[in-house]
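Thanks for coming. I will take a few minutes on one model and go through its charged pairs, its surface and its confidence values.

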Amino acid sequence: MNSPHCFCVGFLSLFLLSCGPKDDPELVKKLQEVEEEIALKESEMDAMTKEIKMIKGDDHSEDLANLKAELQSIEEQQEALQKEVALMEETGKKDQVAFDEYQKKYRVRSK
């Protein structure tokens, strides 16, 4: 058993079986279930330990730096587009004022 929890569960199971009748089928069945669960948890823990070791070994600092640079580039593009939209809105307002003044000076007659 690899972990202290597994050891405690195993010890507790043996203790409970030694205190009660040894031929009780419910206790025997319960012991088998507990042992199966312990084995399952140990295999899950081993798999997680392997994953953690793989994660610790990988260096993601370059990936993180690339993502930060990409994010900054996107933010700069977004800011440039927002400035362009603001400029277009301002130009549109000026053009509308100029058009309104033009219409006041030169009325278009309809037939």
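Three salt bridges turn up when the whole structure is searched. Keep in mind that this is a predicted model. In general, side chains of opposite charge can pair when their charged atoms come close.

I will go through the pairs along the sequence. In the pair of Lys41 and Glu44, the side chains meet with an N to O distance of 3.8 Å. The cut-off for a salt bridge is 4 Å, so this pair counts at 3.8 Å. Both residues sit in helix α2, which covers residues 25–57, and they are three residues apart, so about one helical turn separates them. How open to the outside are they? Lys41 has a relative accessible area of 43%, which makes it partly exposed. Glu44 has 36% and is partly exposed as well.

Next is Glu79 with Lys83, where the salt bridge has an N to O distance of 3.5 Å. These two are in helix α3 and four residues apart, so again the separation is about one helical turn. Glu79 is partly exposed, at 43% relative accessible area. Lys83 has 55%. Anything over 50% is called exposed, so Lys83 falls in that class.

Then there is Glu90 with Lys94. Their closest N and O atoms are 3.3 Å apart. Which helix holds this pair? Glu90 is partly exposed at 43%, while Lys94 is exposed at 54%.

Now the fold. The protein has three helices and zero strands, and the order along the sequence reads α-α-α. How many of the 111 residues are buried, as a percentage? The figure is 8%. The exposed surface comes to about 10600 Å², and carbon and sulfur atoms supply 59% of that area.

One is negative, formed by Glu33, Glu35, Glu36 and Glu37. Of these residues, Glu36 is found in helix α2, and at 57% relative accessibility Glu36 counts as exposed. The other patch is nonpolar and consists of Phe99, Tyr102 and Tyr106. Together these three side chains' residues have about 360 Å² of accessible area. Where does Tyr106 sit relative to α3? Tyr106 is in the segment after that helix, which spans 61–105.

Last, confidence. The mean pLDDT of the protein is 78, and 72% of the residues reach 70 or more. Which elements mark the two ends of the range? Where pLDDT is low, the predicted coordinates should not be read in detail.

Terms used. Residues are numbered from 1 along each chain as its sequence is written. This is a predicted model: local features need pLDDT of at least 70, side-chain atom pairs count only at pLDDT 80 or more; totals for chains, interfaces and linings use all residues. Side-chain values use heavy atoms; hydrogens and water are left out. Patches are made of residues with over 30% relative accessible area and no salt bridge: like charges are joined within 9 Å, nonpolar side chains (Val, Leu, Ile, Met, Phe, Trp, Tyr) within 5 Å. Accessible areas come from the Shrake-Rupley method with a 1.4 Å probe; for residues, only the protein chains shown count as cover. Buried means under 20% relative accessible area, exposed over 50%, partly exposed in between (1.4 Å probe, protein chains only). Lys and Arg count as positive and Asp and Glu as negative; His and the chain ends are not counted. The place of a charge is taken as NZ of Lys, CZ of Arg, CG of Asp or CD of Glu. pLDDT is the predictor's confidence in each residue, from 0 to 100.
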